[in-house]
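Reader: Could you take me through this model and tell me what stands behind each label you use?

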Amino acid sequence: MYLQGRSPSIGFLDCAQVFETGQSVTVPFGSYGNVLENNEWSPLDPTSGMQRKFYAPGVGNVEITPVGDPEGETLQLTNLVHLDPQAMAQVHRDALKIDRHGHEVSFVYSLTPPAQ
């Protein structure tokens, strides 16, 4: 088991454990081998359930499925876009704007440090 995210000021804790390695997975965008499967959950929120996330080398997360929840959502990679430096700079500016807004409208979010 390992820690993925932690923010004590808002009571956030996200953990993961490797479920399987070397797997194959097919999603709408393609088929991938040598996939890492992780189980991910929040020990501080046991009612939030568990997700299985599939990570393909050189791509990242390609699929998310619920574990033990027949009504949980499944997400699959349907497209992959590589951004040039100019587009990345615009995404960075947009993300900082969204972060500033979050600090303005959410008390819980305002307890976290601003993005840089």
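This is a predicted model: local features need pLDDT of at least 70, side-chain atom pairs count only at pLDDT 80 or more; totals for chains, interfaces and linings use all residues.

Reader: What makes β2 and β3 a pair of strands?

Author: Strands are DSSP runs of E with at least two residues, numbered from the N terminus, and two of them pair if DSSP finds at least two bridges between them. Strand β2 (residues 12-27) and strand β3 (residues 30-41) share nine bridges in the antiparallel sense, so the pair meets the definition. Val27 has Gly30 of β3 as its bridge partner, and a hairpin of two residues connects β2 to β3.

Reader: How do you know which strands β4 pairs with?

Author: Again by the bridges. β4 (residues 50-56) runs antiparallel to β3 with six bridges, and Leu36 is partnered there by Tyr55. On to β5 (residues 60-67), β4 is joined antiparallel by seven bridges, with Ala56 opposite Gly60.

Reader: Why are β1 and β6 said to stand at the edges?

Author: The open sheet has six strands in the order β1-β2-β3-β4-β5-β6, with antiparallel pairing. β1 and β6 (75-76) each have a single partner strand, so one side of each lacks a neighbour in the sheet.

Reader: Why is Ile10 called partly exposed, but Asn34 exposed?

Author: Buried means under 20% relative accessible area, exposed over 50%, and partly exposed in between (1.4 Å probe, protein chains only). Ile10, in the loop between β1 (2-7) and β2, has 34% and therefore counts as partly exposed. Asn34, in strand β3, has 55% and so counts as exposed. Asn34 also has a positive phi, near 55°, although this residue is not a glycine.

Reader: What makes you say that the charge of Arg52 sits over the ring of Phe19?

Author: The term asks for NZ of Lys or CZ of Arg within 6 Å of the ring centre and within 35 degrees of the ring normal. The charged end of Arg52 sits over the Phe19 ring at 3.6 Å from its centre, so the distance falls inside the 6 Å limit.

Definitions and conventions
Residues are numbered from 1 along each chain as its sequence is written. Side-chain values use heavy atoms; hydrogens and water are left out. Helices (H or I, at least four residues) and strands (E, at least two) are DSSP runs, numbered from the N terminus.
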